[in-house]
Amino acid sequence: MFTNLRRRAMAGASYVQPHKKRIPDSHMNDVPLPEPFQEVNQKRQTGNNFVLIAGILFFSLSAGYVLNSGVIVPNLMPPRKNPE
């Protein structure tokens with residue numbers, strides 16, 4: 001008995017233990033049914049719109065803070081020749 005197992009191990013064959021259950025093969029019945037495109041697209045677009053609005057809000061708040069704090073001076077107008 002042990003010599004047969006040793007031969008199988010040497011040959012590279014895998015030994016299946018008899019007390020373990022075999023996993024059944026997958027089948028087309030196991031594949032989930034697709035959801036309608038409109039529902040999936042609507043859910044995805046809701047999340048995308050939320051991210052877009054949050055990004056615009058964050059950018060506008062950040063730009064407003066930077067411009068009002070004086071960290072960056074935008075130099076929108078040319079400097080005066082004789083500031084007095």
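A salt bridge is a side-chain nitrogen of Lys or Arg within 4 Å of a carboxyl oxygen of Asp or Glu. The legends below describe a predicted model.

**View 1. The salt bridge between Lys43 and Glu35.** The closest N and O atoms of Lys43 and Glu35 are 3.8 Å apart, and the cut-off is 4 Å, so the pair counts as a salt bridge. Side chains of opposite charge can pair when their charged atoms come close. Lys43 is exposed, with a relative accessible area of 58%. Glu35 is partly exposed, at 48%. A search of the whole structure finds 1 salt bridge.

**View 2. Helix H2, residues 37–69.** Helix H2 has 33 residues. From its first C-alpha to its last, H2 reaches 47 Å, close to the 48 Å expected at 1.5 Å a residue. The protein's secondary structure comes to 2 helices and 0 strands.

**View 3. Gly70, the residue that follows H2.** The phi of Gly70 is positive, near 85 degrees.

**View 4. Residues 50–73, a span annotated in UniProt.** An unreviewed UniProt entry places the feature "transmembrane region" at these residues. In the model, the span is 83% helix and 0% strand. Its end C-alpha atoms lie 32 Å apart.

**View 5. The surface of the protein.** The protein exposes about 9100 Å². Carbon and sulfur atoms supply 63% of that area. How much of the protein do buried residues make up? They come to 0% of its 84 residues.

Conventions. Residues are numbered from 1 along each chain as its sequence is written. This is a predicted model: local features need pLDDT of at least 70, side-chain atom pairs count only at pLDDT 80 or more; totals for chains, interfaces and linings use all residues. Side-chain values use heavy atoms; hydrogens and water are left out. Buried means under 20% relative accessible area, exposed over 50%, partly exposed in between (1.4 Å probe, protein chains only). UniProt positions are given in the numbering used here, feature names are shortened, and annotations may be inferred rather than shown by experiment. Helices (H or I, at least four residues) and strands (E, at least two) are DSSP runs, numbered from the N terminus. Accessible areas come from the Shrake-Rupley method with a 1.4 Å probe; for residues, only the protein chains shown count as cover. The expected span of a helix is 1.5 Å times one less than its number of residues.
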